[in-house]
Amino acid sequence: MTSTLLLSGCGVLGLDGNGTVTLQLVAADYGDSPATSSQHYWDDLARRFEAANPKIKVDVRVYSWNDIDARVAAMVKAGHSPDIVQTGGFADKVAANQLYPARDVLSMDTEANFLDVFNRAGEVLGTQYGIPFVSSSRTFFYNKTIFAKAGIAQPPASWADLKADAALIKAKVPGVTPYALPLGPEEAQAESMMWTMSGGGGLTDDAGVYTLDSKENQETFAWLKQNLVDPHLTYPDPGSVNRQTAFDDFAAGKVAMLNGHPALVQKAAQAKVDYGTAPIPRKDPATKDRTLGVADWMMAYTANGHRQQIRDFLNFAYTKDNTLAFDEQYNLLPVTQDTLDDMTNSGRHPDLKPFLDALPAASFYPLGDPAWDTVSGRLKTDIGKAVSDDPGPVLTGLQQFAETTSKKARGQ
């Protein structure tokens with residue numbers, strides 16, 4: 001699209017002599033090849049927006065997930081801040097005073113259309129800055145063929161059921177890992193959060209205060225060690241196993257049970273695995289079903305002063321036809337009510353129904369903490385030790401690190 005212009009005479013980025021403003025949009029790539037790159041989606045959307053808004057041009061830049069954050073940081077450092085960025089976390093940008101509040105760049109109708117759970121997850125100290133873009137939730141997957149061979153009639157509802165089913169699978173279906181527990185550095189924070197929630201705890205409390213070493217979490221990781229790891233009902237060293245490995249093993253028929261997200265639906269279907277889904281087993285099945293929600297975010301940067309133009313673009317981008325097209329192309333879950341209604345009721349996505357149903361009540365990472373990315377990084381490298389060693393010191397060390405890092409990030 002159109003290149004961004006800098007007029008030194010007026011100091012305004014993206015304004016030409018005809019009064020045309022150029023917005024710079026930086027987005028993450030959800031495709032896995034040039035043919036499926038998100039560049040195609042954003043270029044098409046930008047062209048249609050420009051046709052309806054001739055005084056606004058959009059310069060689209062799409063980068064891989066491995067590069068986008070570094071690219072944006074370099075642009076900001078060089079004084080060439082983008083206007084709109086679609087990527088992961090936002091709290092560190094809020095701490096650096098770089099973003100507009102969501103209410104400043106969204107119409108009331110657009111803002112009201114977001115599922116409330118995402119609006120809350122996008123807040124920092126009570127003000128929403130993160131604008132949800134796409135989402136995912138988690139559910140429990142099991143291999144029906146392996147279950148039949150082991151004589152298991154239904155998926156486990158409790159931890160006790162899961163342990164009993166895993167023992168049966170180990171005894172009756174040799175060569176299969178009964179439960180995949182990926183606590184390796186790729187996404188250990190996700191598996192940890194799902195297990196702590198199912199045990200009555202969590203990474204934080206309702207106020208967003210870290211509770212990594214809570215009594216409930218200590219008991220959860222002790223249970224995992226004693227009931228899955230030590231009896232060899234999961235991988236020998238979960239801390240070295242990444243989510244991708246667990247997904248690949250499930251698709252290959254080498255794993256009987258695991259927690260997964262919608263991408264595993266496609267992977268299992270392509271591999272012709274006869275799978276089922278169910279709520280994630282809980283320590284006490286009488287407690288409320290809880291699942292992990294994950295979202296990617298849109299952020300509006302203040303540096304260039306293009307609030308109104310950003311607002312016009314975002315209100316266009318979040319119309320149902322546009323959000324539905326992206327979600328369906330990449331098999332992702334929606335963040336807006338009208339798109340959720342369409343995907344739930346259209347009959348086109350029966351395989352996504354468990355994930356869609358879970359969305360409105362999903363729980364999220366502590367995204368409002370500007371130190372979350374740093375804390376998450378330490379979780380990824382260290383939490384696996386909580387099921388290979390005594391979980392107490394591991395969780396205590398993580399708690400101390402989280403508290404110190406969070407206070408420093410908040411300037412306390």
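# Reading a predicted fold, one feature at a time

Me: Asp230 is partly exposed, with a relative accessible area of 40%. Which cut-offs set the terms buried and exposed?

Reply: Buried means under 20% relative accessible area, exposed means over 50%, and partly exposed lies in between (1.4 Å probe, protein chains only). This is a predicted model, where local features need pLDDT of at least 70 and side-chain atom pairs count only at pLDDT 80 or more, while totals for chains, interfaces and linings use all residues. Residues are numbered from 1 along each chain as its sequence is written, and side-chain values use heavy atoms, leaving out hydrogens and water.

Me: Which residue forms a salt bridge with Asp230?

Reply: Here is the general idea. Side chains of opposite charge can pair when their charged atoms come close. The rule asks for a side-chain nitrogen of Lys or Arg within 4 Å of a carboxyl oxygen of Asp or Glu. The partner of Asp230 is Lys225, with the closest N and O atoms 3.4 Å apart. Lys225 is partly exposed, at 21%. The count by this rule comes to 18 salt bridges.

Me: How far apart in helix H1 are Asp44 and Arg48?

Reply: Start with the helix itself. An α-helix has 3.6 residues a turn, so residues three or four places apart point the same way. In H1 (residues 38-52), Asp44 and Arg48 are 4 residues apart, which is about one helical turn. Helices (H or I, at least four residues) and strands (E, at least two) are DSSP runs numbered from the N terminus. The side chains of Asp44 and Arg48 form a salt bridge of 3.0 Å, N to O. Asp44 is partly exposed at 34%, and Arg48 is also partly exposed, at 35%.

Me: Which residue makes a salt bridge with Lys320?

Reply: Look at Asp342, whose side chain meets that of Lys320 at 3.4 Å, N to O. This pair links distant parts of the chain, with Lys320 in helix H13 and Asp342 in helix H14, 22 residues apart. Lys320 is partly exposed at 29%, whereas Asp342 is buried at 18%.

Me: Which residues of H14 are buried?

Reply: In H14 (residues 337-345) they are Thr339, Leu340, Asp342 and Met343. Seen down the axis, these buried residues fall within an arc of 165°, so they line one face of the helix; the arc is taken from the directions from the helix axis to the C-beta atoms. Their cover includes helix H13 (320-330) and helix H15 (353-358), where contact means heavy atoms within 4.5 Å. After H14 comes Gly347, whose phi is positive, near 80°.

Me: How many cavities of 30 Å³ or more does a search find?

Reply: It finds 5. On a 1 Å grid over the protein atoms alone, a cavity is a set of points where a 1.4 Å probe fits but cannot get out, while a pocket is an open set with protein on both sides within 12 Å along at least five of seven lines; lining residues have an atom within 4 Å of a point. Grid points are joined across faces, edges and corners, and a volume is the space filled by probe spheres set on the points. The largest cavity holds about 70 Å³, and its lining includes Arg138, Glu187 and Arg243. Arg138, Glu186, Glu187 and Arg243 are linked in a network of salt bridges.

Me: What is the volume of the largest pocket?

Reply: About 1800 Å³. Of its 48 lining residues, Tyr30, Trp65, Arg243, His261 and Asp296 are the closest to its centre.
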